Structures are given as structure tokens and as C-alpha cells.
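Here is a short report for a reader who is new to this structure. Please look over the sequence and the model first.

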Amino acid sequence: MSVTAEVATLFLEELARRGIPVTVADGGYQIDRDGTTVTISLENLSREFARDRDPGQITRFVDTVLCRPLIPVWLEVRPRLRWSLEPTDMSLTEALHEVVSDRVALVLVCVSPDETQITWVSPTTAASWGQTKESLLAAAAENMATLLARSQIDTLAVESHTLGMVNTEFTAFKAALVFAPDLRAVVEPVLGWPVFAVLPCRDFVYLIPDRDRA
């Protein structure tokens, strides 16, 4: 989904209200945050706004953008490393990522202790921790497995078929849990294996048993 004119206008109006200069850049918008140029993409915000129509999303998004998180030390951040699903038509040059299909990439992210902020992990940040992309992916995989273990698979009867859904408190990572280790161990007792996964957005997942492929 491309950025809608409505969301772009609301975003720019919110920055103007706060007196924050912004420039248009390749892949989004740029602002200066404490001497650092930050590039902002509005694609995910557009998706969420189109679904919920909540004007407060714009304000909360700008609050998050302007809140400059401190880069924690490695031992502190390791338990908060995860991956997030992003479309491959987004500009991902500033993030460590792994392309998993022609449409989807797993982007390495770090969440704040209160779970309110999700920050892409850049090569520069990885270097400051003394870590490689591979070691970060391994840590993220371990953490995603922990999140999956704390989730459950709910089912819904649709005519004579069974529809599965991932139920987790970590809603922003619900779709990304499909790529978590041990997915089969969690899903198979409820739905059997293999399953088809449908990811309409980052916070919703449909799981369809192979026997219901029709």
C-alpha cells in the first residue's frame, strides 16, 4: 500500500503544529533529531489509519518519532531483539533485514522496555554492540520463539472447516511469529501440519489446515 495523501497531510500538519521542519526524501520524509537525520516512512501508518481511522494514530506516531531512544548496551538489548515483517517495496537500506519472499522481509528490530517503541536495527547500531547480522538474527529467533511459546492458537469453525488464529499480547509481531522457530510444535497439536498462513496485516494471522485447502 502506498502512502495516502490524507495521512501525509495529517503527518505534515502535526509536524508543522510542533514547529518541526521536514523535507521530502527518497523513501519518505526527513527530520533532524538531535543532530541526526531521521528518515521516516508512512506506509505502515497509512495501512493502520486506513483500517482504524483513528486520528490519534498520527499524534502517537509523531510522539514516537520524536522520542529519541537511548541505544542500550548489548546485554540489555539482547532480550528485546525481534524481527518484524515489512513489505519488500519499502526502503530497507537503513535496516538489517532478511528477504524471505518477493514481497516480505524480516527486519531486525529492538523494542523499548515498555513495548511502546519499535526501532529498526541499523548496521551502525549492530557495530556499536560488536555484533554481526547473523548473531542478531540468532538472538531475535530465540526471542521470537519465546513470544510464540507465550501465545496460543485459537480456532473458529467456518461451516465444516477449521480456521486458526494466533492469539498473543504482542500484537505488533503477530504476523512475524509465523517465521518463529518451533511454529510446528505449537500449531500441529491444534490444526495438524502443514498449514497455510494468510497475513492480511502485521497484527493478524489466519492459519488454514492443509486438509481444508479447498
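## Basis

This is a predicted model, in which local features need pLDDT of at least 70, side-chain atom pairs count only at pLDDT 80 or more, and totals for chains, interfaces and linings use all residues. Residues are numbered from 1 along each chain as its sequence is written, and side-chain values use heavy atoms, with hydrogens and water left out.

## The second largest pocket

The second largest pocket holds about 600 Å³ of space. A pocket here is an open set of points on a 1 Å grid over the protein atoms alone, where a 1.4 Å probe fits, with protein on both sides within 12 Å along at least five of seven lines. Its volume is the space filled by probe spheres set on the points, which are joined across faces, edges and corners.

The lining counts 21 residues, each with an atom within 4 Å of a point. Nearest the centre lie Arg47, Pro87, Val104, Leu199 and Pro200. Ten lining residues are nonpolar, three polar and eight charged. Nonpolar means Ala, Val, Leu, Ile, Met, Phe, Trp, Tyr, Cys and Pro; charged means Asp, Glu, Lys and Arg; the others, Gly among them, are polar. Helix 2 (43-52) gives the most, with four residues. Strand 4 (81-87) and strand 10 (195-201) each supply at least two. Helices (H or I, at least four residues) and strands (E, at least two) are DSSP runs, numbered from the N terminus.

## Strand 4

Seven of the seven residues of strand 4 are buried, so the strand is largely enclosed by the rest of the structure. Buried means under 20% relative accessible area, with a 1.4 Å probe and protein chains only. Leu81, Trp83, Leu85 and Pro87 take one side; Arg82, Ser84 and Glu86 take the other.

Strand 4 pairs with strand 6 (104-111) in the antiparallel sense, over seven bridges. Pairing needs at least two DSSP bridges. Pro87 stands opposite Val104.

## The cores

The largest nonpolar core has 42 residues, and Leu81 and Trp83 are among those with the most contacts inside it. Such a core joins buried Ala, Val, Leu, Ile, Met, Phe, Trp, Tyr and Cys residues through side-chain atoms within 4.5 Å. Helix 6 (133-149) is one of its suppliers. Helix 6 brings the largest share, eight residues. A second, separate core of 15 residues includes Leu15, Tyr29, Leu45 and Val65.

## Helix 2

Glu43, Asn44, Leu45, Ser46 and Phe49 are buried in helix 2. The buried residues pack against helix 1 (5-17), helix 3 (56-66) and strand 4, with contact meaning heavy atoms within 4.5 Å. Just after helix 2, Arg53 takes a positive phi of about 55°.

Definitions and conventions
Buried < 20%, exposed > 50% of the residue type's maximum accessible area, 1.4 Å probe, protein only.
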